[in-house]
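Good morning, and thank you for the time. I would ask you to keep the structure in view while I go through it.

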Amino acid sequence: MKNCLRELRAGKEWTQSDLADKVGVSRQTINAIETEKYDPSLPLAFKVAKLFKLSIEEIFKHDDC
Amino acid sequence: MNIKPNLPEEIEPGSLHYSFRTDMKVNGWSWVAVLTSFVGEVFWLPHHKDWPVAARAVIALVPLLASLLWVRSVLQWMRGMDELHRRITQAATVFATVATLFIVTALHFLVVAGVFPSRFQSTAGFVVIWLVVCFYILGHNIFNRRYQ
């Protein structure tokens with residue numbers, strides 16, 4: 001699954017640790033999601049989407065962002 | 001601001017996030033199990049067969065009780081992890097359990113077959129616990145590598 005989390009995070013000028021703290025996960029988890037090695041659970045995807053005020057589909061896609 | 005999730009590195013000696021306090025909170029009962037098992041199975045039980053049955057049963061079962069409390073503290077610690085680390089830790093735990101079971105069973109079969117002397121037959125509790133810990137560390141490194 002593709003995602004544009006890195007671009008969204010960079011747009012807010014947050015570090016991976018900042019984003020991790022905001023959604024209650026570790027920095028390694030954010031890194032694994034950004035590098036597309038790990039697909040987040042639905043609750044975590046909702047948390048991320050709510051944080052960026054976007055829908056899940058706008059962040060996580062099957063094709064390129 | 002959310003509460004920081006538990007990290008497996010907090011109980012890995014030598015890692016950047018290592019915390020002795022957290023390590024003892026999670027693994028303290030494993031030390032109790034290892035020590036009581038070692039003292040009971042190596043020093044007391046083989047040399048004091050004249051002790052009352054109740055006393056011998058208590059000495060033999062204390063490590064098992066400590067192991068159950070260890071499992072409980074590990075499960076509580078895992079509950080505080082984020083989803084990725086919980087997944088890695090669960091995979092490493094299953095790996096450690098299956099690998100230990102395999103080794104202990106294989107050792108038993110080799111003793112029965114006469115390949116090893118019968119003194120290897122006593123799969124002492126402290127040996128089993130150390131096998132679980134060693135295989136957990138190995139499993140954690142294997143499963144964690146994929147996400148780095």
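I begin with a term: two residues are in contact if their C-beta atoms, placed from the backbone, lie within 7 Å. What we have is a predicted model, in which local features need pLDDT of at least 70 and side-chain atom pairs count only at pLDDT 80 or more, while totals for chains, interfaces and linings use all residues. Residues are numbered from 1 along each chain as its sequence is written, and chains are lettered from A and ligands numbered from 1 in the order in which they are written.

On confidence, the predictor assigns the complex an ipTM of 0.89 and a pTM of 0.87. The score pLDDT is the predictor's confidence in each residue, from 0 to 100. For chain B its mean is 90, and 95% of the residues of that chain reach 70 or more.

Let me turn to chain A. Helices (H or I, at least four residues) and strands (E, at least two) are DSSP runs, numbered from the N terminus. Chain A has 5 helices and 2 strands, in the order β-α-α-α-α-α-β along the sequence. Its radius of gyration is taken over C-alpha atoms, and the globule rule is 2.2 Å times the number of residues to the power 0.38. A compact globule of 65 residues would therefore have a value near 11 Å, and the 10 Å of chain A agrees.

A residue is buried if 20 or more other C-beta atoms lie within 10 Å of its own, exposed if 12 or fewer, and partly exposed in between, with C-beta atoms placed from the backbone. In chain A, 25% of the 65 residues are buried.

Which residues are buried in helix α2 (residues 16-23) of chain A? They are A:L19, A:A20 and A:V23. These residues are on the same side of α2(A), because they cover an arc of only 105 degrees around the axis, the arc being that of the directions from the helix axis to the C-beta atoms. The buried residues of α2(A) pack against α1 (5-11), α3 and α4 (42-51) of chain A. After α2(A) comes A:G24, with a positive phi near 75 degrees.

A nonpolar core is a set of buried Ala, Val, Leu, Ile, Met, Phe, Trp, Tyr and Cys residues joined through C-beta atoms within 7 Å. The largest one has 16 residues, and A:A20, A:V23 and A:I30 have the most contacts inside it. Two or more residues each come from α2 and α3 of chain A and from α3 (83-112) and α4 (125-145) of chain B; α3(B) gives the most, with 4 residues. Apart from this core lies another of 6 residues, among them B:A33, B:V34, B:A66 and B:I129.

Where the chains meet, 11 residues of chain A are in contact with 11 residues of chain B. Helix α3 (residues 27-34) of chain A supplies the largest share of the chain A side, 3 residues.

Finally, consider B:S30, located in helix α1 (residues 20-44) of chain B. Is B:S30 buried or exposed? It counts as buried, because it has 21 C-beta neighbours inside 10 Å. Leaving aside neighbours within four places in sequence, B:S30 is in contact with B:W70 and B:I129.
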